[in-house]
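Here's a walk through one chain and the two ligands that go with it. Keep the structure open and follow along.

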Amino acid sequence: MKTLPTAPTLYYMGLMSGTSLDGIDAALIAITPTAPPRLVATHAEPMPEALHSALLTLCNAEQVSFAQLALAENAFCHLQAQAINTLLAQQDLSPSQISAIGSHGQTIEHAPDGHSGGPAYTLQLDNPSLLAELTGCTVVADFRRRDLAAGGQAAPLAPAFHQALFGRQTVEQLILNLGGIANVTWLPRHADQPALGFDTGPANVLLDAWFAKHYPSRFDQNGTWAKSGQVDSALLVRFLTEPFFRQPPPRSTGRELFHLTWLKQHLTGTESPEDVQATLAELTAISVAEGIKHLLPDNQPATLIACGGGAHNAYLMARLAHHLPNATFTSPSAYGWPEDWIEAGAFAWFAHQRLHHLPGNLPSVTGASGLRVLGGIYSR
Ligand SMILES: Nc1ncnc2c1ncn2[C@@H]1O[C@H](COP(=O)(O)OP(=O)(O)OP(=O)(O)O)[C@@H](O)[C@H]1O
Ligand SMILES: CC(=O)N[C@H]1[C@@H]2OC[C@@H](O2)[C@@H](O)[C@@H]1O[C@H](C)C(=O)O
């Protein structure tokens, strides 16, 4: 068995499966009292087609049975355990060397403002008890609902981790996550100003859905198909009538708003498929750029750290750079964190926060009435 450096270094694993439903990301991180969290190792467990389609069905279902929910949750948990156990084996680590796993679970529905005047809720499928049994590790889970209970949006949570990771620099820093949904964090230079952040709208969720309708794979590699089309400005204007884009922060969203039916509602039926894809890429770029302009009203120079799968989409990144001429784009790899691992790393860090009774949320981001310790502990 590998010998890890002894205390005060603590090791955590984080599990994230986001709105793209592309797989489960597992990150092993190291935490010391004196340095930002360090990424040690990673493993991505692809989502098998059957589970992908079961989860997709649940996300947009009008009606589901308890059995459907419970079985999908257990299948998801077995995949999480496979991700953790693979990472442990790869690193030659035993479960007892890991302080805890932070498990995000799979968001099935997110209604932070309630539906039709009803109470707010956010629902993540997760079975931390089973995960503790299958891995032999302590599991921390259910990170979002305490923030929601305190009047917050329960999302985005990553800005608190961005602050721990990137700290305050001499320039304004923006961290952009381009997952299924896009979210942005603003870290001001001055420590007396709170960090801000919110979801800007779709990143890849609509691009993926439209692509998969026309091609037998899950996403438009490098945005090649989008690039082959023309932006349809009338369609873009129709997309931008969506009230979410004008909602002031705190705000968060998900698949329950941005799905194929939402997209089809705006089509006249005369658009070519590649023009729709180009227009969806433009929608992502413009809604992100508008969100960022809200954070930087004077268009002042800022460093933009781009993360998430969309950071690999060359066409999308070119459109973003076009709409944000004053931003200097950079990669989180410069900090030792490749773009695909920030979110999984974040949930490892949230587990550490929980075990040490430290807050995980930023009320300036989520709108919660105060700092809260997030999540519950399932001991090994
Ligand atoms: N080379 C690439 N070219 C184009 N798009 C890509 C590429 N690589 C990844 N993507 C996009 O990134 C998506 C996955 O991103 P990511 O894993 O960050 O999402 P997520 O974590 O599921 O979402 P969220 O942050 O909303 O929870 C894919 O579905 C795809 O759309
Ligand atoms: C409810 C939910 O799962 N939201 C996700 C989703 O994916 C991106 C964006 O929408 C963000 O709000 C959030 O995830 C990240 C990890 C967050 O909470 O910061």
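Asn177 sits in strand β7, residues 172-178; helices (H or I, at least four residues) and strands (E, at least two) are DSSP runs, numbered from the N terminus. Asn177 counts as buried because it has 30 C-beta neighbours inside 10 Å. The cut-offs are simple: 20 or more other C-beta atoms within 10 Å of a residue's own make it buried, 12 or fewer make it exposed, and anything in between is partly exposed, with C-beta atoms placed from the backbone. Asn177 and Glu339 are 162 residues apart along the chain, yet their C-alpha atoms are separated by 8.6 Å.

A word on what you're looking at: this is a predicted model, where local features need pLDDT of at least 70, side-chain atom pairs count only at pLDDT 80 or more, and totals for chains, interfaces and linings use all residues. Residues are numbered from 1 along each chain as its sequence is written, while chains are lettered from A and ligands numbered from 1 in the order in which they are written.

Now for the sheet that holds β7. Its 5 strands run in the order β9-β8-β7-β10-β11, forming an open sheet with mixed pairing; two strands pair if DSSP finds at least two bridges between them. At the edges stand β9 (196-202) and β11 (327-330), each with a single partner strand, so one side of each has no neighbour in the sheet. From one strand to the next, the twist averages 25° (axes are lines fitted to C-alpha atoms, and angles run from 0 to 180 degrees between N-to-C directions).

β8 and β9 run antiparallel, joined over 6 bridges. Val184 faces Phe198 of β9, and Trp186 stands opposite Leu196 in β9. Is β9 enclosed or open to the outside? With 6 of its 7 residues buried, β9 is largely enclosed by the rest of the structure.

On to the ligands. Ligand 1 has 22 residues around it, and Gly18, Ser20, Gly179, Asn204 and Gly309 come nearest; to be counted, a residue needs its C-beta atom, placed from the backbone, within 6 Å. That shell holds 3 nonpolar, 15 polar and 4 charged residues. Here Ala, Val, Leu, Ile, Met, Phe, Trp, Tyr, Cys and Pro count as nonpolar, Asp, Glu, Lys and Arg as charged, and the others, Gly among them, as polar. Ligand 1 lies between domain 1 (10-154 + 341-378) and domain 2 (158-335), because both give residues to its shell; the domain bounds come from an automatic or database domain assignment.

Ligand 2 has 18 residues around it, with Thr107, Ala155, Pro156, Ala158 and Ile181 nearest. The elements giving two or more residues to this shell are β4 (100-111) and β8 (181-187). By class, the shell around ligand 2 has 5 nonpolar, 11 polar and 2 charged residues. Domain 1 and domain 2 both contribute to the shell, so ligand 2 lies between them.

Asp126 is in the loop between β5 (121-125) and α3 (128-135), and with 23 C-beta neighbours inside 10 Å it counts as buried. Asp126 is 50 residues from Phe76 in sequence and 7.7 Å from it in space, C-alpha to C-alpha.

Finally, zoom out. The chain has 13 helices and 12 strands, and 48% of its 380 residues count as buried. Its C-alpha trace spans about 60 × 50 × 40 Å along the principal axes.
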